Amino acid sequence: LLRDGDTLELGPITFTVIHLPGHTPGGMALYAAACEATDNQNLLLAGDALFAGSIGRSDFPGGSHEQLVNAIRTRLLTLPPDTRVCPGHGPETTIGREAKTNPFL
């Protein structure tokens, strides 16, 4: 099982696990600091927590809207603004764009 702060090496990219409660128990995102393998961009695989202009559902068993919003604000929006966000669905975005324009945050 992966825990907050663990690292996961996938080929040439090292991801750090970020625990994101609220969508479902055990929710997480994977963050990789800029490196050659990420085209020198910070990269966040956000799963179903953060989307372009939206956030994930929290009505699943064990979900919590308050926990999800808090986790996004304190764990994701603190990443560099140019971080490329790849959500589980929909178009890519950036942390900076979501911090400025996401109506749920």
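Two strands are taken to pair if DSSP finds at least two bridges between them. In this predicted model, strand 7 (residues 84-87) and strand 8 pair in the antiparallel sense, over two bridges. Arg84 has Thr94 of strand 8 as its bridge partner.

Helix 1 has twelve residues. The distance from its first C-alpha to its last is 16 Å, close to the 16 Å expected at 1.5 Å a residue. Leu68, Val69, Ala71, Ile72 and Leu76 are the buried residues of helix 1. They cover an arc of only 160° around the axis and therefore lie on the same side of helix 1. These buried residues pack against strand 2 (13-19), strand 3, strand 4, strand 5 (50-51), strand 6 (54-55) and helix 2 (95-101).

The largest nonpolar core has 17 residues. Ile18, Leu20, Leu44, Leu50, Leu76, Leu79 and Ile95 touch the most other members. Strand 3 (28-32), strand 4 (43-47) and helix 1 (65-76) each give two or more residues to this core. Helix 1 provides the largest share, five residues. Leu44 has contacts beyond four places away in sequence, including Ile18, Ala29, Leu76, Leu79, Arg84 and Ile95. Another core, of seven residues, lies apart from the largest one. Among its members are Val17, Ala32, Leu43 and Cys86.

How values were computed. Residues numbered from 1 in each chain as written. Predicted model: local features only at pLDDT ≥ 70, side-chain atom pairs only at ≥ 80, totals over all residues. Heavy atoms only, no water. Core = buried A, V, L, I, M, F, W, Y, C linked by side-chain atoms within 4.5 Å. Buried < 20%, exposed > 50% of the residue type's maximum accessible area, 1.4 Å probe, protein only. Helix = DSSP H or I, 4+ residues; strand = E, 2+ residues; numbered from the N terminus. Contact = heavy atoms within 4.5 Å. Expected span 1.5 Å × (residues − 1). Arc of directions from axis to C-beta.
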